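Q: I have just opened this model and would like a guided look at it. Could we go through it step by step?

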Amino acid sequence: MRKSRAKKRILLPDPRFGDKLVTRFVNTMMMSGKKNLAFKIFYDAMDILEKNNSDQEEDSVLDVWKKALSNVMPQVEVRSRRIGGATFQIPMQIRPERKVSMAMSWMIKYARARNEKSMAQKLAQEILAAYKEEGASIKKKTEVHKMAEANKAFSHF
């Protein structure tokens, strides 16, 4: 933007868990402004997780989701930088806000690509896979980390 940075909007906590991170996740998942539908999908996915994990897990479903999200969060990424006519891929630390948004978008993207019947089931399975440190979103994270590791020689730029 020409003038100044846009002000950060204040997010309200979600109705069921009272967590702002859940609202942020739902906003990322939302399509065409249908927030109620996005909340319904998320809560249905949480119910599916609760039903599946009620016998073996002592963590609440919100803790499972947060652990899955933190498992998907990347620590470093590569950024393109042009130096003397050549473009280098330079590994850089990621800001905490960007870590969270990247993790959310990857989880949603790979949940949509799954083969279950409903979006709630797809999301529940992706969250469970990320919690167990497997699945497509974890694979994406390791891929990003490998790229950064491979280009470690350019980190002095």
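A: Asp14 is buried (under 20% relative accessible area; over 50% is exposed, in between is partly exposed, with a 1.4 Å probe and protein chains only), yet Asp14 has no salt bridge, and the nearest side chain of opposite charge, Arg16, is 6.8 Å away. A salt bridge needs a side-chain nitrogen of Lys or Arg within 4 Å of a carboxyl oxygen of Asp or Glu. Lys and Arg count as positive, Asp and Glu as negative, while His and the chain ends are not counted.

Q: Before going on, what sort of model is this?
A: This is a predicted model, in which local features need pLDDT of at least 70 and side-chain atom pairs count only at pLDDT 80 or more, while totals for chains, interfaces and linings use all residues. Residues are numbered from 1 along each chain as its sequence is written, and side-chain values use heavy atoms, with hydrogens and water left out.

Q: Back to Asp14: where does it lie, and which residues is it in contact with?
A: Asp14 lies in the segment before α1. Apart from neighbours within four places in sequence, Asp14 is in contact (heavy atoms within 4.5 Å) with Asp19, Val22, Thr23, Phe39 and Tyr43. A polar atom of the Asp14 side chain also lies 3.4 Å from the backbone nitrogen of Arg16.

Q: And Leu11, which residues does that one touch?
A: Leu11 is likewise found in the segment before α1. Not counting residues up to four places away in sequence, Leu11 touches Lys20, Thr23, Arg24 and Asn27. Leu11 is partly exposed, with a relative accessible area of 26%.

Q: Let us zoom out. How many helices and strands are there?
A: The chain has six helices and two strands, in the order α-α-α-β-β-α-α-α along the sequence. Both kinds of element are DSSP runs numbered from the N terminus: helices are H or I with at least four residues, strands are E with at least two. The C-alpha atoms fill a box of roughly 55 × 40 × 25 Å along the principal axes. Of the 157 residues in the chain, 38% are buried.

Q: Does helix α2 or its span tell us anything; what should it be?
A: Helix α2 (residues 35-53) has 19 residues and should span 27 Å at 1.5 Å a residue, and its end C-alpha atoms are 27 Å apart, which agrees. The expected span is 1.5 Å times one less than the number of residues. Buried residues of α2 include Ala38, Phe39, Phe42 and Tyr43, and what covers the buried ones includes α1 (20-29), α3 (61-72) and α5 (119-131).

Q: How many residues of α5 are buried?
A: Eleven of the 13 residues of α5 are buried, among them Met119, Leu123, Ile127 and Tyr131. Their cover includes α1, α2, α3, α4 (96-112) and α6 (136-150). After α5 comes Glu133, whose phi is positive, near 60 degrees.

Q: One last topic: how many aromatic pairs are there?
A: There are six aromatic pairs, counting rings of Phe, Tyr and Trp (its six-membered ring) whose centres lie within 6.5 Å; planes under 30 degrees apart are stacked, over 60 edge-to-face and the rest tilted. Phe25 and Phe42 have ring centres 5.5 Å apart and planes at 55 degrees, so that pair is tilted. This pair links distant parts of the chain, with Phe25 in helix α1 and Phe42 in helix α2, 17 residues apart. Phe25 and Phe42 are both buried. One aromatic cluster is formed by Phe17, Phe25, Phe39, Phe42, Tyr43 and Trp65.

Methods:
A polar contact is a pair of N or O atoms within 3.5 Å; within protein, one must be able to donate a hydrogen and the other to accept it, and residues adjacent in sequence count only if both atoms are side-chain atoms.
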